[in-house]
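This report goes through one protein chain for a reader who has not seen it before. The sequence and the structure come next, followed by the terms and the findings.

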Amino acid sequence: MIEKLIDTTAQVILEGFESYIKDFNELTDRTPAFFKSRDWSAMQQNHRKRLRLYKDQVRSTRQLLNEILLENANSFDFWKSAKSHYSQLISNMIDKELAETFFNSVIRKSYSGLVINEDLMFVHEGYSSCAIYPNYNLYHSYPSDWGLDRIIQKILEDFDFGVPYMNKEEDIEFLIKSIKDVILTRYIPTSDSTTQVLKSVFYRNKGAYVIGRIRFGGKWMPFIIPFLNGPKGVFADTMIFDPNLMSGLFSFSRSYFMVKTDIPSQMISFLNAVIPNKKIHELYNAIGFNKHGKTEFYRDFLNHLSQSQDNFVLSEGVKGMVMTVFTLPSYNVVFKMIKDYFDPPKTMTRQEVREKYRMVGLHDRVGRMADTHEFEEFHLPLDRIAPELMEELNNTVNSLLEVTKDELILKHVYIERRMTPLNIYLETCSTEDAKYVVEEYGNSILEMANANIFAGDMMTKNFGVTRQKRVIFYDYDEIEFLTDMNFREKPKPETFEQIYASSPWYDIALNDVFPQDFKRFMIGRHDVKNHFFDYHSELFNPEKWKIIQEKIISGYGVHAFSYPKKIRFRPEEEI
């Protein structure tokens, strides 16, 4: 009887996973049609549906198990056998790494009080080798003896998007010139030279990205061609060779691509060769398998812990009123925990803060909001917690802590990429760098606004600076949808009482925003303050914010360029 239940449990979880993958692929496969018809609203709605899929399927699978497991739900031996049986069921699957993560998610929700345990979960990969699949279905190959003109023409034929090109001959000229200027000035084609281009197109916002590589001189030169579909037709917008720009396309601040992925590990292997400075978990995130990305991150973290000796310490910067933030100096992330009590004037609850993070998780981050992994029952070695950090955690998040003999268990924590807080960066950087990052700061606020996100608390301490000096927002407790806000001119006082009133003499609703007031807290550094006010003068104009609101309501759709507009082939071309 128990053997049959073990088999049924493994089958239910496998069927849940297969249902998730089927729905995931169906939603992904709809994307080209939305790009073709320029239906940007449907594109975004479809993306949100796919983001919700995983949790919904885990929940329904867990509910099915609750009906059959009864007293076995918390049986160690039962789940150990179920894991073994499940491992056998998925052993020949082409996406078994994703199937393992799905099992982990289900058992975590089904087995109350479960701690991370290798006997019951796939903490590390459950297989010692990976099958090698043929690549002929993965990419197109273009031999060098075709000549550059024919290769580029064939690439545009292979990726026609079902829409007429705006000016195909001009696109071909642009692309050939790019290759000649960047590659052929340094390398000469040989008999083994070849071009490989992934057959799958990477869709995001209004862009369709074609990713490939050219072999010259015994090394691969990767490239990315972003295509856009404007009112006049499809066109190649630029050609990217810069590894920093390519890395930025797959940034932790960008939304996940919608891309057809038959064999995920095969796709990741190609991407890892093209963008080698991205970690495996970041690439899984980028192609939409963020739950497995979370698994891969945890494995990477465990590996780093075993090879490092430094202590967890409080993060640099101003202490937050809502979050306690700490880091491991040798590892490039921060750990954020919601405080037990918030200092005034914060009035929200812990659950409301969690809802804000969920809101960002389902939204287009447009390259300006940090992606976050949410963990429960996260274990840290107790002897690696600095005394000052332990004291701060006890004082601020005590309800979320559990201490054992050897471990500190965090009942709930968010993990994000570590950045230098903007306010700290501005304290020591040069005037030239300061001018650049305050421009970026304003750009960040406006680009989020165009994606229907109002940052709320826009103080510089809530923004971070990346290694490429890009400014990213990371404090979400006060964000709102921009369309829910009411942007107003500040009424001018007319009477003596109004002029000298100690508090506002006019009515203010909860959603009222007065952009003129932004100047009071935005930039304090004197040598760049006026530059910022002049460069981003529109930030302080209520009418500018209203225009953005109208554009969002009209369904115009957002497109966040993930490369400098100055490298576009046609910088003024509309989309």
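## Salt bridges: the term and the total

A salt bridge is counted when a side-chain nitrogen of Lys or Arg lies within 4 Å of a carboxyl oxygen of Asp or Glu. Side chains of opposite charge can pair when their charged atoms come close. Over the whole structure, a search finds 37 salt bridges.

## Basis of the model

The model is predicted: local features need pLDDT of at least 70, side-chain atom pairs count only at pLDDT 80 or more, and totals for chains, interfaces and linings use all residues. Residues are numbered from 1 along each chain as its sequence is written, and side-chain values use heavy atoms, with hydrogens and water left out.

The term pLDDT stands for the predictor's confidence in each residue, on a scale from 0 to 100. For the protein chain its mean is 92, and 98% of the residues reach 70 or more. Helices (H or I, at least four residues) and strands (E, at least two) are DSSP runs, numbered from the N terminus. Confidence is lowest in helix H16 (residues 496–499), with a mean of 82, and highest in strand S7 (residues 313–314), at 98.

Glutamate 118 and lysine 83 meet through their side chains in a salt bridge, at 3.7 Å from N to O. Glutamate 118 belongs to the loop between helix H5 (96–110) and strand S1 (139–143), and lysine 83 to helix H4 (residues 76–89), so the pair ties together parts that are 35 residues apart in sequence.

Burial is judged by relative accessible area: buried means under 20%, exposed over 50%, and partly exposed in between (1.4 Å probe, protein chains only). Glutamate 118 is partly exposed because its relative accessible area is 34%. Lysine 83, with a relative accessible area of 12%, is buried.

## Arginine 299 and two glutamates

The side chain of arginine 299 forms a salt bridge with that of glutamate 100 (3.7 Å, N to O). This pair links distant parts of the chain, since arginine 299 is in helix H11 (residues 290–307) and glutamate 100 is in helix H5, 199 residues apart. Arginine 299 has a relative accessible area of 8% and is therefore buried. Glutamate 100 also counts as buried, because its relative accessibility is 2%.

Arginine 299 has a further salt bridge to the side chain of glutamate 296, at 3.5 Å from N to O. Both of these residues lie in helix H11, three residues apart, or about one turn of the helix. Glutamate 296 is buried, as is arginine 299.

## A network of salt bridges

Four residues are linked in a network of salt bridges: Lys346, Asp457, Asp477 and Glu478.

Which residues of H18 are buried? They are Pro542, Trp545, Ile548 and Gln549. Viewed down the axis of H18, these buried residues fall within an arc of 120°, so they line one face of the helix. The arc is taken from the directions that run from the helix axis to the C-beta atoms.

## A nonpolar patch on the surface

Phe496, Ile499 and Tyr500 form a nonpolar surface patch with about 390 Å² of accessible area together. Patches are made of residues with over 30% relative accessible area and no salt bridge; like charges are joined within 9 Å, and nonpolar side chains (Val, Leu, Ile, Met, Phe, Trp, Tyr) within 5 Å. Accessible areas come from the Shrake-Rupley method with a 1.4 Å probe, and for residues only the protein chains shown count as cover.

Phenylalanine 496 lies in helix H16. Its relative accessibility is 58%, so phenylalanine 496 counts as exposed.

## Backbone features in loops

The peptide bond from proline 344 to proline 345 is cis, with omega near 10°. Proline 345 sits in the loop between S9 and helix H12 (350–361).

Leucine 70 is not a glycine, yet has a positive phi of about 50°. Leucine 70 is in the loop between helix H3 (40–69) and H4, and is exposed at a relative accessible area of 59%. Asparagine 452, also not a glycine, has a positive phi of about 70°. Asparagine 452 is in the loop between helix H15 (431–450) and strand S16 (453–454), and counts as buried at 13% relative accessibility.
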